[in-house]
Amino acid sequence: MTSAADERSGEASVDDALPGARPSSFYRLENTVQRYDWGSTSAIQDLLGVVPDGRPAAELWMGAHPLADLVRADPVGVLGQRVLDQYGPRLPYLLKVLAADRALSLQVHPRPHLARAGFNRENREGVARDSPLRSFHDDQHKPEMVVAVSRFEGLSGFRRPARILELLDGLDGALAGRMRDTLRARPTEAGVREAFTLALHARAEPDVAADLALTVASVRARAGREPAAPAPGGRRTSRRADATVLALAEQHPGDPGAVVSLMLNRVTLEPGESMFVPSGHVHAYLSGCAVEIMASSDNVLRAGLTSKLVDVDALLECATCTPGPAARPRLVDDGTGLVAYRPPVAEFALRAGRVAGAVPLPAAGPRVVLCLDGAVTLAADRADAGAGTRLVRGESVFVPHGTGAVVVDGEGDVVVAYVP
């Protein structure tokens with residue numbers, strides 16, 4: 001699906017207009033596979049129909065990066081005047097397939113004003129754009145949304161203080177004790193922030209690994225004696241939270257992020273279910289395959305479960321510690337088979353599901369269409385459009401604004417990214 005040169009450059013190629021379509025109606029995407037060490041050794045390979053070779057394939061990129069040249073060549077024709085006026089000559093979203101066998105880093109994306117401030121500050125300080133010590137790589141925020149393709153596991157947003165205290169109760173270790181004491185004294189948003197801050201700063205303590213080993217051992221002991229379900233009216237179990245701590249401690253020994261997971265909402269998505277991650281929300285994806293869409297930005301502030309830079313001051317400036325459930329997008333089901341996933345952001349939305357017959361797609365702006373299974377045909381809904389363009393499992397196309405209304409026909413699972 002990609003060439004060795006594509007993988008080295010991190011850029012996916014955009015072919016000429018496909019046979020059977022008017023030039024510039026549809027552009028086939030040759031998508032880049034990102035081979036991060038947390039990636040799955042089978043999920044993306046299965047989607048693309050390639051034989052697994054034992055190497056991880058973590059992400060399949062479609063969207064902003066490979067299409068930059070096309071946008072610059074004809075910004076109005078590719079984006080439409082509305083999108084161009086709002087975002088300038090760039091595609092405002094990036095679409096991916098994400099497949100994880102291990103946890104991604106615990107992280108936060110900055111809100112718009114903090115992204116601008118941080119980017120400008122590091123520019124003034126002379127931090128090189130490609131420096132590993134740089135925290136802000138551009139001046140954009142990065143809200144994101146995932147729609148599960150397989151069972152998908154993650155963490156997002158802080159639990160209520162009372163529930164965090166339940167999960168910390170009885171655990172050994174100095175850090176766990178300080179976090180517990182802080183929340184008992186201040187069972188509020190401020191207390192949550194203070195406990196989170198303690199965990200972040202613990203990374204620099206010389207005895208952190210030994211201390212966390214005590215905590216993990218007590219979590220393991222609790223997991224071994226806790227019943228599968230609580231008695232009627234009794235205290236909720238901590239089985240899933242404990243299992244998460246143990247898995248993260250095995251993957252990242254000595255990292256306080258394993259204990260931080262007790263503070264965060266544990267989320268399981270079944271295929272078709274979704275989660276929205278607003279800018280500022282602390283989150284981590286743990287395992288599974290999902291379609292991910294995000295505002296086009298490279299800003300990631302890491303809090304743990306990583307060997308990369310953890311900029312504690314910048315992260316705390318950008319993190320939202322308000323307790324509450326994981327966020328979900330608004331769903332609109334119009335009966336066509338494609339459900340609209342509408343998060344509260346302007347840069348992106350998705351329509352996804354299974355089509356069985358002709359279904360109209362969003363009619364304006366820049367669109368990316370991905371076939372996850374089956375076979376479908378795309379056709380521009382105009383008299384001079386010519387024959388349709390066929391997509392099978394793992395194939396995708398870019399549809400510029402100038403193509404106009406598009407219809408997808410056939411039987412298959414498709415995802416459509418667009419600017420609402």
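**Figure 1. Packing of the buried residues of helix H7 in the predicted model.** The buried residues of H7 pack against H8, helix H9 (189-202), H10, H11 and helix H12 (257-260); contact means heavy atoms within 4.5 Å. Helices (H or I, at least four residues) and strands (E, at least two) are DSSP runs, numbered from the N terminus. This is a predicted model, in which local features need pLDDT of at least 70 and side-chain atom pairs count only at pLDDT 80 or more, whereas totals for chains, interfaces and linings use all residues. Residues are numbered from 1 along each chain as its sequence is written, and side-chain values use heavy atoms, with hydrogens and water left out. Pro161, Arg163, Ile164, Leu165, Leu167 and Leu168 are the buried residues of H7, where buried denotes under 20% relative accessible area, exposed over 50%, and partly exposed the range in between (1.4 Å probe, protein chains only). Because six of the eight residues of H7 are buried, this helix is largely enclosed by the rest of the structure. Just after H7, Gly170 adopts a positive phi of about 80°.

**Figure 2. The contact of H7 with H8.** H7 and helix H8 (residues 174-185) pack at an angle of about 145°, their axes lying 10 Å apart. Axes are lines fitted to C-alpha atoms, for helices over the stretch in contact, and angles run from 0 to 180 degrees between N-to-C directions. The crossing of H7 and H8 is left-handed, a crossing being left-handed if the near helix is turned anticlockwise from the far one by less than a right angle, and right-handed if clockwise. H7 contributes Pro161, Ile164, Leu165 and Leu168 to the contact, and H8 contributes Met179, Arg180, Leu183 and Arg184. The residues of this contact comprise six nonpolar, no polar and two charged. In this classification Ala, Val, Leu, Ile, Met, Phe, Trp, Tyr, Cys and Pro count as nonpolar, Asp, Glu, Lys and Arg as charged, and the others, Gly among them, as polar.

Figure 3. Arg163 and Glu166 form a salt bridge in which the closest N and O atoms are 2.6 Å apart; a salt bridge is a side-chain nitrogen of Lys or Arg within 4 Å of a carboxyl oxygen of Asp or Glu. Because the two residues are three residues apart in helix H7 (residues 161-168), about one helical turn separates Arg163 from Glu166. Arg163 is buried, with a relative accessible area of 8%, whereas Glu166 is partly exposed at 27%. By the rule given above, the count comes to 20 salt bridges.

**Figure 4. The crossing of H10 and H11.** The axes of helix H10 (residues 208-225) and helix H11 (residues 239-251) come within 9 Å and cross at roughly 140°. H10 and H11 are therefore oblique to each other, given that angles under 35 degrees count as roughly parallel, over 145 as roughly antiparallel, 65 to 115 as roughly perpendicular and the rest as oblique. The crossing of H10 and H11 is left-handed. On the H10 side, Val216, Val219, Arg220, Arg222 and Ala223 meet Arg239, Asp242, Val245, Leu246 and Ala249 of H11. By class, the contact of H10 with H11 has six nonpolar, no polar and four charged residues.

Figure 5. Glu411 and Arg354 meet through their side chains in a salt bridge of 3.8 Å, N to O. Glu411 lies in strand S20 (residues 406-418) and Arg354 in strand S15 (residues 349-356), so the pair ties together parts that are 57 residues apart in sequence. Arg354 is partly exposed, at a relative accessible area of 38%. A salt bridge of 3.2 Å, N to O, joins the side chains of Arg393 and Asp373. Since Arg393 lies in the loop between strand S18 (389-392) and strand S19 (396-399) and Asp373 in strand S17 (residues 367-380), the pair ties together parts that are 20 residues apart in sequence. Arg393 is partly exposed, with a relative accessible area of 32%, and Asp373 is partly exposed, with 30%.

**Figure 6. The surroundings of Glu270.** Salt bridges that share partners join Arg151, Glu153, Arg266 and Glu270 into one network. Glu270 is placed in the loop between strand S9 (264-269) and strand S10 (274-277) and counts as partly exposed at 32% relative accessibility. Neighbours within four places in sequence left aside, Glu270 is in contact with Ala148, Ser150 and Arg151.
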